[in-house]
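Visitor: I am new to this structure. Please show me how to read a few of its features.

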Amino acid sequence: MARSRDLTAPTTTILCTEALLKGMTAQVWEFSEITQQTWKGLEGQARDARKQAQKGDDRDLFLLPYSIVVNVLQQITDGYVYLDKYLRFMVALDDIEPKALRKVFTYLEGIVRGIPVDEIPLRVESELADLVANTDSVTRDLADVILPAEGAAYADPPSWAYQAVRWHLAKKLAAVPFIDREIEPVKKPEMAKDANGKPLKDEDGNPVPRTDEAGNPVMRTGAWKPTGNTATLRYRPDSSGDLIAWDHPIGPTFAKLPHPLTREAMDAGYPENPSAADAQYSLSRISVGMSTHHGRPEPVINLGAHMRRVNDTLVWSKTIMVDRATGPVLLVSLDGRKLNRTNRLALEILAKLDADATALETLDGRVRAEIAELDASKGNNGRVRRVTEKPGMIRPLIPKQRSFQVGSGAGLHHHELLHEFAARALGDKATFLALTNVPGVFSNRIHSLRSDEKKQRKEAGEFLNLCALPTPAAVRDSIQDQDLDRLLIVCLWYREETRLRMISALAFSNGADVDMDPTDGEIVALADGVEAVFVRATRLLAHGTEDGRIDAARDIVDRYAKPGVMIAAWCETEIPGAGEKHKGMKPAEVRKDLADNDAKFQVRRAFATETVPSQNILGIKTTYDKAGHKVHKVQGVPKDRNKDHPAFMGLLDLYRSCGVIDERYEQALYAPGDSFEIPRIAFVGLHVRRQGKSALFRGEPKRVVMATCFIPPTEPGGQWRMLGWSNLAMRWEPYRVAQAECHALNYPNHSGTGDGTTDVARWAEAGRDINECLKDLVLEELDGMPYTVMLDGHGARRIFPGLHNNKQGMDPFDSYGRVWLPGHGLPDYMQPAGIVRVNCMSGEMPSIAYLSYANDDRIKMSSELFRPSDAGPDSSWWVVTEPRNYGKTRFGQWKTRWRALPEKVGTQTESELKAPWYSMTCREITPMFVRGEGLTREGLAVATARMCDQALSWSDRTKYPAPLHAALQMDLDHPNFRRSAPREYEDRTILSEAVEGLDLADSD
């Protein structure tokens, strides 16, 4: 039975209207192509200087012209200045004197050429400086460039406008206070229930309150209400266009002080020698960003609430916040290990310009002091442990996620307050985007159980299947559909605890004897068509550069290979750690050695060469103690066998690698009586990316392309098929075979091949590969069935220009030889019936403030499919998701982090302050170019949302629909992935946003 309710979701997204943009202007410099080429030449000189430094030259190893000039420009202006890294444009809120620009770029060129600063005016005649200074700035009205031009259906703002509008909005928001309202619970008696979960009633038919052992009524929270207490806080703009609560830090020390915090209270209450944990703190941040929505003529401004963690060490940070007392808080990028001299070179230029460089001088002094501390600790063979400094004018940001005393996320309540804050700051100029849910889209998952069902099954000792494992019958049917008789899971282990966990998970989930104790090498039947064998394989699984690993894997496969048997390997492993041999090695050398000796990737490659899917299970769990030190614990079988979630999830992923696809998609998409008609079509997931250059892996200069296809039966009751494809093997095969062929080969190298192919040309090549992929699919596998393509809008937009919002309604045109859209140029019968663009980038998603029913009753969470309340025929849909573990604690539902308690309360496993706080997450689903009989945009959006809801290898929703997620997983599981992971920030961010918990993008 599908869930159905009518909800409205006000968001913190604001429409870019003429009223909102009125009076906003910017100074814009648009540089000529010759200026851009001259800039490119200067960067080339800097690269040559770095190469010379590597050969022993004493010149600056981390000389980066862009970082130097940005630091200088921020100091000689009000801080609101943005320079494009390719020097296509510069934008600022105030004009900059041409004379000042000429001096800045002249000194910059002289420094790059290695000329002493005092001699630069006499020895350097800079063509670049003249070109920049002679470029006139133009005052541009933002409304003219952001809103759709006359006669245009959609807006197409220039790149610089995306930055300038953020500054203006941030300044308007910072002009009013942020009001933090205190909310308190309203308690009411909890009613007693009988064994069947129904309310108990007395003789008169009145509900009976539940009581505790002492006979007192058990009270529960029935509602929440404002107490009337408020705290007034101020946000300040930063130079990027976001806002930061600079004077209101959040941490263990500050949680004990009055709220709102004042400078006087902080000075009086700050401990003299705080511990490392107590000194940690974060700052509340409000993000401001402009984006466009498909089908909406005007752009939108997305506001979001976040936490920004402050680092204890400056020299290892990548971004520093600097307060100049006036203007915005500056974000200073630290390029290169320990900053080196880049910042000092900026200081030298500022000194010659007679500019105030107090902030950078203070920053430079702290850098020198920290480097001296590090050097001293090395001399004593020790490691200095710094304590986060008291909040001051310089605050470095943590570059990557790690254990911290303040959790991530601002919480739901903060977003509701943010909605009120923006409405108060912008008044009637703000029109907020509101979403309305589409009723009846989702039904309960097969593995979703009510609390009373869970209790009954648990008391009976039954398997609860909370991880969405396919039934043994579904596994057997899927294996037999691949023309094989049965599945044999070869369990490879070297710790007895892991062997017992494998036995427990396999037996419990297949209904076999959980107390079985098979001998080494003994094949045991788990269910009809599913078997297992347990083999001790210490040498095969041990970390190290074991040359005989492929032969050892082949011996195991040969031992159990029989006609009609699919073999899958479930292997114990552990995360390698530094040991005695790594003492004295540099961090980069340690990381490389650990990666080279990691058995996981070698074992996966070894089994892939035998067309055997494999999956790992960690035998040791790594956690952190109270002091933040790593603790390694051997995992044993839990007393409650339903709670070994890592084992069940590993088994689930192994089934995915085997190509197992169960009946869930048939039930989700084609249930009898479904109000959404979805024709029987195949679903293709296309995953594309550019991996980092690595000297370890050679090959043709291609982009990585992975694809899967879910093919439904033509009639109800049949078996779904899952196929796979990669541009390493270039052919469609059953998913298990395609993934193995892909993992047996190295990634193709992207650069260094000497053929002169440009980056754009390689994206164009990927588009042609995809067209061949689709052509082969139609000719070899679909037998006339139409298909739709699902892809990530950000990952694929560099391949297919037609995916861009500003290209909608245009006739296809040649864009550097790229394919316009997937299938474009193929015969009509080979082209997709629909294309679905999925967007997971959090900065472009609306943030939900709250949800309400038609009668204005508010709720805090929902997991529905939504559409704008003013949706047009081409508008997108949004899947709004309740975080997985929100229901356990509901931290952040009714308070901001300023009011979080620093200690544990009751049965909580961690304090409110340290725990993560949740908000509703969104992902955008945009059906495009739908054609074909019976297929509609709404039907395709619903099908995509349901294929996110029914995840193939996860117990909850995935951000990608199942076919696209399966294609992504082929890439993530590749033996080379971690060692050639994407290095470009954009590529890393796309992957990180698509897969929660994947540590690829930098944290703020």
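Guide: Start with one term. Buried means under 20% relative accessible area. Keep in mind that this is a predicted model.

Visitor: Which residues of H27 are buried?

Guide: The buried residues run from Arg937, Gly939, Leu940, Ala941, Val942 and Ala943 to Thr944, Ala945, Arg946, Met947, Cys948 and Asp949. Because 12 of the 13 residues of H27 are buried, the helix is largely enclosed by the rest of the structure. Helix H27 covers residues 937–949 and reaches 18 Å from first C-alpha to last, close to the 18 Å expected.

Visitor: Now sheets. In what order do the strands of the open sheet lie?

Guide: The general idea comes first. Strands of a sheet pair through backbone hydrogen bonds, either parallel or antiparallel. Here 5 strands form an open sheet, in the order E17-E18-E16-E19-E20, with mixed pairing. Strands E17 (523–527) and E20 (614–618) are the edges, each pairing on one side only. From one strand to the next, the twist averages 25°.

Visitor: In which sense do E16 and E19 pair?

Guide: They pair in the parallel sense, over 7 bridges. Leucine 488 has isoleucine 567 in E19 as its bridge partner.

Visitor: And how are two packed helices described?

Guide: By the angle and the distance between their axes. The axes of H16 (residues 496–510) and H21 (residues 645–657) come within 10 Å and cross at roughly 70°. Angles of 65 to 115 degrees count as roughly perpendicular, so H16 and H21 are roughly perpendicular to each other. Their crossing is right-handed.

Visitor: Which residues meet there?

Guide: On the H16 side, they include Arg501, Leu506 and Phe508. On the H21 side, Phe648, Leu651 and Tyr655 are among them.

Technical notes
Residues are numbered from 1 along each chain as its sequence is written. This is a predicted model: local features need pLDDT of at least 70, side-chain atom pairs count only at pLDDT 80 or more; totals for chains, interfaces and linings use all residues. Side-chain values use heavy atoms; hydrogens and water are left out. Helices (H or I, at least four residues) and strands (E, at least two) are DSSP runs, numbered from the N terminus. The expected span of a helix is 1.5 Å times one less than its number of residues. Buried means under 20% relative accessible area, exposed over 50%, partly exposed in between (1.4 Å probe, protein chains only). Two strands pair if DSSP finds at least two bridges between them. Axes are lines fitted to C-alpha atoms, for helices over the stretch in contact, and angles run from 0 to 180 degrees between N-to-C directions. Angles under 35 degrees count as roughly parallel, over 145 as roughly antiparallel, 65 to 115 as roughly perpendicular and the rest as oblique. A crossing is left-handed if the near helix is turned anticlockwise from the far one by less than a right angle, and right-handed if clockwise. Contact means heavy atoms within 4.5 Å.
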